[in-house]
Amino acid sequence: MSRIKFFKEKNLPLEMHKVRIVQKLNLLPIDERLKAIQEAGNNTFLLRNSDVYLDMLTDSGTNAMSDRQLGAMMIADDSYAGSATFYRLEEAVQKFFGKKYFLPAHQGRACENILAKTLVKPGDVVPMNYHFTTTKTHIVLAGGRVEEIFKDEAIETTSSEPFKGDIDLVKLEKLINEVGPEHVPFVRIEMGTNLIGGQPVSLGNVQDTKAICKKYNIPLMIDASLITDNLYFNKIREEKCADMTIAEIALEISKCADIVYFSARKLGSAKGGGIVIDDKALYDKMKVLIPVYEGFLTYGGMSTREMEAVAVGLEEAVDMDMISHGPEFIEEFARILTEYNVPIVTPPGGLGLHLNAREFVGHIKGEEYQAASLVAAIYLVSGARGMERGTLSEEKNPDGSEHIASCELVRLALPRRVFTLSQVRFIADRLAWLYENRELIGGLRFVEEPSVMRFFIGRLEPTSDWQEKLVAKFKEDFGDSL
Ligand code: F0G
């Protein structure tokens, strides 16, 4: 494991890789950052990356690739049908998940489209530990509805619960009985639960959920997009996993699932995705949709170069030196912010550092998007872009009112092996300053609001001149410094 003691009293994460290719970054002066965020409609998705210093929007497709992945890309067999690359990827997927059949797709949500089209009927209910935005959209578009059955601790931002992603088994059984098992096409577990702060699911909970599914003859589906961080936490936080290898834990989790799917923009550190199953009849039913929506069965919308990179990425995903990097950097980031009293989600999870916006900017009304306002302010003071994971990422209620999210978070993603500890220290320092000056942060309102997944391309404006005031205070304190 890479975490070793090398200071007298501190555990610091130690990189088990070296950097051989670099990308030059820009840190614009604050006046230019103000212009950039306003031109982007105060939505960090709409910023140009050349205006961003630390791109902490997401880890999706932005993990650093290894020399082995880049090397593998050079031997890609570019043929439309039956390419040798596909069979190499298929073998790597089978080895990682221990399942027979693999359907390739261009990314995670494409798998969700195929799965929802095949399995969800109007009126169906899909229980899950927590929804992900694209997952929920596909289920709702197919006429179904999502029910979240997380444990109460899941949405307590400050907690010591090691597996906040676990399903509440009592609630699951109660729900199945209420709606009737015939209306539950599958139960979904999202490993490394994205929207509640990258929180893991225990192997024990996956096994117990499977037992309930089996009792009612309902398939268990696992979204393995964020499984690498989850595997790290299984290994270090769960007693029953302590003596298992990462590969063994992955296989045990997968063994419980009837259907597994993943975004290879995350798992596999490249671009793509796929569905993995043992059931031949279901495989046959879904495979006809791949050429309709994705591409031929042996590439599914992925480039063969990316497929080679995913195959190697999956091999590397069982290496503790690789998968510990994200969670250990996040833990260090969290440790520094805790020293500065900045409110964060605890225990720190995977994927990124999660700030508790509801506490950070509690003076802003929920309807004025606390997390989105904080994300815009963070860009202004640091040039780093995070992502809103709160009310703005929710769909509105049917009566048009805001659905206030149960967690109002800002995610600062740490794509694996990309940033240095001094960059983490820089952003932590700016967050500490922002927290001291938090009263200056104001709310946002929509000027262009898309009807679905509005967070991606919606445009907003400040509800007052708070951004100019924040910039003025920044200049007072930092002078000419960027
Ligand atoms: N499932 C989970 C748990 C995810 O985090 C994502 C993507 C998807 C499915 C969809 O996969 O993007 O390849 O279509 N999460 C990205 C993020 C967008 O930034 O967290 P995709």
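Predicted model: local features only at pLDDT ≥ 70, side-chain atom pairs only at ≥ 80, totals over all residues.

Visitor: Which domains is the protein divided into?

Guide: Domain 1 comprises 2-59 + 322-478, and domain 2 comprises 67-319. These bounds come from an automatic or database domain assignment. The C-alpha centres of domain 1 and domain 2 are 27 Å apart.

Visitor: How do you know that domain 1 and domain 2 are in contact?

Guide: Contact requires heavy atoms within 4.5 Å. On that basis, 32 residues of domain 1 touch 38 residues of domain 2. About 2800 Å² is buried between domain 1 and domain 2, with 52% of it on carbon and sulfur atoms. M322, I323 and P347 account for 22% of the area that domain 1 buries against domain 2, more than any other three residues.

Visitor: What polar links does the rule find across the interface of domain 1 and domain 2?

Guide: There are 15 residue pairs in polar contact across the interface of domain 1 and domain 2, both residues being at pLDDT 80 or more. The rule also finds four salt bridges across that interface. On the side of domain 1 that touches domain 2, at least two residues each are supplied by α13 (320-323), α14 (325-339), β10 (352-356), β12 (409-413) and α18 (454-457).

Visitor: Why is the pair D229 and R416 called a salt bridge?

Guide: The cut-off is 4 Å between a side-chain nitrogen of Lys or Arg and a carboxyl oxygen of Asp or Glu. For D229 and R416 the N to O distance is 2.9 Å, which is within 4 Å, so the pair counts as a salt bridge. D229 and R416 also belong to a network of salt bridges with D59 and K266. The structure holds 37 salt bridges.

Visitor: What makes D67 and R20 a link between distant parts of the chain?

Guide: The side chains of D67 and R20 form a salt bridge at 3.5 Å, N to O. D67 is in helix α2 (residues 67-73), whereas R20 is in the loop between β2 (11-12) and α1, 47 residues apart. Exposed means over 50% relative accessible area. D67, at 51%, therefore counts as exposed, and R20, at 62%, is likewise exposed.

Visitor: How are K255 and E252 placed in helix α9?

Guide: K255 and E252 both lie in helix α9 (residues 246-256), three residues apart, about one turn of the helix. An α-helix has 3.6 residues a turn, so residues three or four places apart point the same way. The side chains of K255 and E252 meet in a salt bridge of 3.3 Å, N to O. K255 is exposed at 60% relative accessibility. E252, at 23%, falls between the 20% and 50% limits and is therefore partly exposed.

Visitor: What does the pair E332 and R425 tie together?

Guide: The salt bridge of E332 and R425 has an N to O distance of 4.0 Å. E332 is in helix α14 and R425 in helix α17, so the pair ties together parts 93 residues apart in sequence. E332 has a relative accessible area of 2%, which is under 20%, so E332 is buried. R425, at 42%, is partly exposed.

Visitor: Why is T228 called buried?

Guide: The relative accessible area of T228 is 7%, which is under 20%, so T228 is buried. T228 is in helix α8 (residues 227-237). Leaving aside neighbours within four places in sequence, T228 is in contact with L267, A317, I323 and R416.

Visitor: How do you know that V410 is buried?

Guide: V410 has 0% relative accessibility, so V410 falls under the 20% limit and counts as buried. V410 is in strand β12. Beyond neighbours within four places in sequence, the contacts of V410 include L353, H354, A371 and M387.

Visitor: Why are the buried residues of α1 said to be on the same side?

Guide: In helix α1 (residues 30-39), the buried residues are I30, R33, L34, A36 and I37. They cover an arc of only 165° around the axis, which puts them on the same side of α1. K35 and E39, on the other side of α1, are exposed. The cover over the buried residues of α1 includes α16 (370-382), α17 (421-436) and α19 (466-478).

Notes: Residues numbered from 1 in each chain as written. Heavy atoms only, no water. Buried < 20%, exposed > 50% of the residue type's maximum accessible area, 1.4 Å probe, protein only. Helix = DSSP H or I, 4+ residues; strand = E, 2+ residues; numbered from the N terminus. Arc of directions from axis to C-beta. Buried area = accessible area lost by both parts, 1.4 Å probe. Polar contact = N/O pair within 3.5 Å; in protein donor to acceptor, adjacent residues only side chain to side chain.
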